[in-house]
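Trainee: I would like to learn how to read the ligand and metal sites in a model. Where do we begin?

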Amino acid sequence: MLVTGKELLLDAQKNNYAVGAFNINNMEVVQAIIQAAEETNSPVILQASQGGLKYAGVEYIAALGKLAGKNAKVPVALHLDHGTDFEQVMQCIRHGFTSVMIDASRFPLEENIQYTKKVVEIAHSVGVTVEAELGKIGGTEDHITVSEKDATFTDPKEAKIFAEETGVDYLAIAVGTAHGVYKGEPKLDYDRIEEIRNTIDIPLVLHGSSGVPSESLQKAISLGICKINIDTDIRAAFAKTVKEYVAENPDQIDPRKILGPATVAMKEVIKEKMNIFGSAGKA
Ligand code: G3H
Ligand code: 13P
Ligand code: ZN
Ligand code: NA
């Protein structure tokens with residue numbers, strides 16, 4: 001069934017686990033995520049990034065996500081990842097997304113608050129729940145690159161003001177993770193997660209979670225992270241499997257034969273994440 005992000009994340013917060021939010025770009029990845037969720041009995045979030053919306057188009061993404069959610073034996077939320085502006089958020093809501101992120105983290109605090117507040121008011125009026133970002137998460141998503149130098153960790157005091165003034169449902173915080181592949185091992189600022197958790201009581205979101213060791217993710221969950229975004233690790237499994245298959249079967253031209261093993265590989269990676277996050281068995 002299709003549900004809001006808030007419904008999933010409040011349960012995660014109450015029961016000390018995290019819901020995986022996995023990026024969707026095509027049918028195969030949607031199928032891999034839903035199969036993984038059903039096989040582990042996990043609630044799950046399907047999320048569409050800027051790149052994903054550009055690649056598939058909002059109509060395809062929405063249709064795939066809604067169908068997957070409607071037919072799934074587990075609760076599913078369909079979420080906009082890093083929504084850039086008011087119009088895009090409205091477009092996704094109109095197409096049936098149950099959760100949206102407005103990412104105005106590039107603006108100074110007061111502007112981020114005003115932007116987020118406006119989205120929250122409209123989204124809530126139609127029963128859609130909202131994620132926002134405070135602080136700047138490093139790495140690259142689509143065309144936006146935040147260098148290590150420009151990534152700024154979330155200030156707990158600002159988080160309090162932000163949560164109170166915007167009424168946002170869940171908050172993405174910058175605590176040392178980055179989008180994409182890590183060069184070294186990421187260092188998470190656990191004290192900061194805990195301090196933010198002690199300051200505000202809405203579910204916290206960790207972006208850039210591919211490549212983060214499972215023990216670090218579990219520690220972050222124990223300190224209050226309730227939604228964990230994963231994209232890169234799924235891409236890596238997809239690409240590796242397709243390359244291997246094509247190398248071993250150079251004459252194969254059937255896309256279904258080439259993509260089938262990649263779907264299974266993505267599913268296995270996702271199931272592993274669901275076990276690490278503790279969402280397995282929680283649907
Ligand atoms: O925001 C995180 C995604 O991994 C970015 O992906 O290249 O599809 O926009 P994208
Ligand atoms: P990774 O690609 O590092 O998993 O980050 C995904 C993400 O944060 C999507 O919003
Ligand atoms: Zn992200
Ligand atoms: Na990452």
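Mentor: With the metals, and with what counts as a donor. Donors are N, O and S atoms within 2.8 Å of the metal, or 3.2 Å for Na, K and Ca; water is not among the atoms, so sites may look incomplete. Keep in mind that this is a predicted model.

Trainee: Which residues coordinate the zinc ion (ligand 3), and how are the donor residues spaced in sequence?

Mentor: The zinc ion (ligand 3) is coordinated by NE2 of H82, NE2 of H179 and ND1 of H207, at 2.0 Å. Along the sequence, its donor residues follow H-x96-H-x27-H. H82 belongs to strand β3, while H207 is in the loop between β10 (204–206) and α9 (214–222), so this pair ties together parts 125 residues apart in sequence.

Trainee: What coordinates the sodium ion (ligand 4)?

Mentor: The donors of the sodium ion (ligand 4) are the O atoms of A178, G180, G208 and S210, at 2.5 to 2.8 Å. Their spacing along the chain reads A-x1-G-x27-G-x1-S. Here A178 lies in strand β9 and G208 in the loop between β10 and α9, so the pair ties together parts that are 30 residues apart in sequence.

Trainee: Now the other ligands. Which residues come nearest to ligand 2?

Mentor: For a shell of this kind, a residue is near if one of its heavy atoms lies within 4 Å. Ligand 2 has 15 residues around it, and D81, G208, S210, D231 and T232 come nearest. By class, that shell divides into two nonpolar, eleven polar and two charged residues. β3 (76–83), β9 (178–179) and β11 (225–230) each supply at least two residues of the shell around ligand 2.

Trainee: What surrounds ligand 1?

Mentor: Ten residues surround ligand 1, the closest being S49, G51, H82, D231 and R235. The shell around ligand 1 has no nonpolar, five polar and five charged residues. Both α3 (50–56) and β3 supply at least two residues of this shell.

Trainee: Which side chains make polar contacts with ligand 1, and how much of its area does the protein cover?

Mentor: An N or O atom in the side chain of S49 is 2.6 Å from an oxygen atom of ligand 1. For the side chain of D231, the distance from an N or O atom to an oxygen atom of ligand 1 is 2.7 Å. R235 has a polar side-chain atom 3.1 Å from an oxygen atom of ligand 1. On its own, ligand 1 has 310 Å² of accessible area, and the protein covers 88% of that.

Terms used
Residues are numbered from 1 along each chain as its sequence is written. Chains are lettered from A and ligands numbered from 1 in the order in which they are written. This is a predicted model: local features need pLDDT of at least 70, side-chain atom pairs count only at pLDDT 80 or more; totals for chains, interfaces and linings use all residues. Side-chain values use heavy atoms; hydrogens and water are left out. Helices (H or I, at least four residues) and strands (E, at least two) are DSSP runs, numbered from the N terminus. Ala, Val, Leu, Ile, Met, Phe, Trp, Tyr, Cys and Pro count as nonpolar, Asp, Glu, Lys and Arg as charged, and the others, Gly among them, as polar. A polar contact is a pair of N or O atoms within 3.5 Å; within protein, one must be able to donate a hydrogen and the other to accept it, and residues adjacent in sequence count only if both atoms are side-chain atoms. Accessible areas come from the Shrake-Rupley method with a 1.4 Å probe; for residues, only the protein chains shown count as cover.
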